[in-house]
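Reader: Please present the model, and then let us examine it by question and answer.

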Amino acid sequence: MPRIKINREKLDKLSPEDALPLIIRLRKWILGKRKPDGFTRWVFTINLIAWFLLMVWNLLSYMAIQMSDFIKEHKNFSVNAIIRKHGRELGFIEDNGESFLQALTQFYFINIFLWFFILLGLVMMYRKLKIYPLILLGSLMLHFVIMLLMLGLQYFIESVSYFDKLLYGLLVISVVIHSTLMNHEQIDKKKYSYPEEQDAEQNT
């Protein structure tokens, strides 16, 4: 098998700054070359922080359930037992809370993909694409529908923290406001550009 020759001198000269052009190109490919207006950047940043907090909490919760046996072995307490107990408090008493544990695990797993689509919607927001509210709010609505169907309304009332509810509200309200203003902006652009296009056609 032929050996691949590695130029150690070039590797030694590599610095973190050498990765910057690649990062910049990747950023432009994802977010686009044009920087949006200040309000869009502000809304995007706030929503990205909210998305990150909710996504990380979902991912950590899912990992905690998957590593329940490992945690029980090393920390002497059962994550699954705590979840089953909470399930019984929410009314999942038929099988001692086991159905709640399974439903919660599936809910967290499905949400990994839903939060990816919400992130896609945020990227579309930054690029000011008309379709972004449909992707973002649609994924968020699906998130709540699955939550209510699998875990029930009582779960949202009692188990979702006030901080998480605040983040949800921030996402929804800011997207509605931003998309409304963006639509008005695009309508105004069409209104004021149309006479100019007519004049140009007449002059030609």
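Reader: In which helix is Asn 80 found?

Author: This is a predicted model, in which local features need pLDDT of at least 70, side-chain atom pairs count only at pLDDT 80 or more, and totals for chains, interfaces and linings use all residues. Residues are numbered from 1 along each chain as its sequence is written, and side-chain values use heavy atoms, with hydrogens and water left out. Helices are DSSP runs of H or I with at least four residues, strands are E runs of at least two, and both are numbered from the N terminus. On that basis, Asn 80 lies in helix 5.

Reader: Is Asn 80 buried or exposed?

Author: Buried means under 20% relative accessible area, exposed over 50%, and partly exposed in between (1.4 Å probe, protein chains only). Because its relative accessible area is 14%, Asn 80 is buried.

Reader: Which residues does Asn 80 touch, not counting residues up to four places away in sequence?

Author: Contact means heavy atoms within 4.5 Å. With that exclusion in sequence, the residues touched by Asn 80 are Ile 65, Ser 68 and Leu 101.

Reader: How many helices and strands are there in the protein?

Author: From the N terminus on, the elements run α-α-α-α-α-α-α-α-α. The count is therefore zero strands and nine helices.

Reader: What share of the residues in the protein is buried?

Author: The protein has 204 residues.
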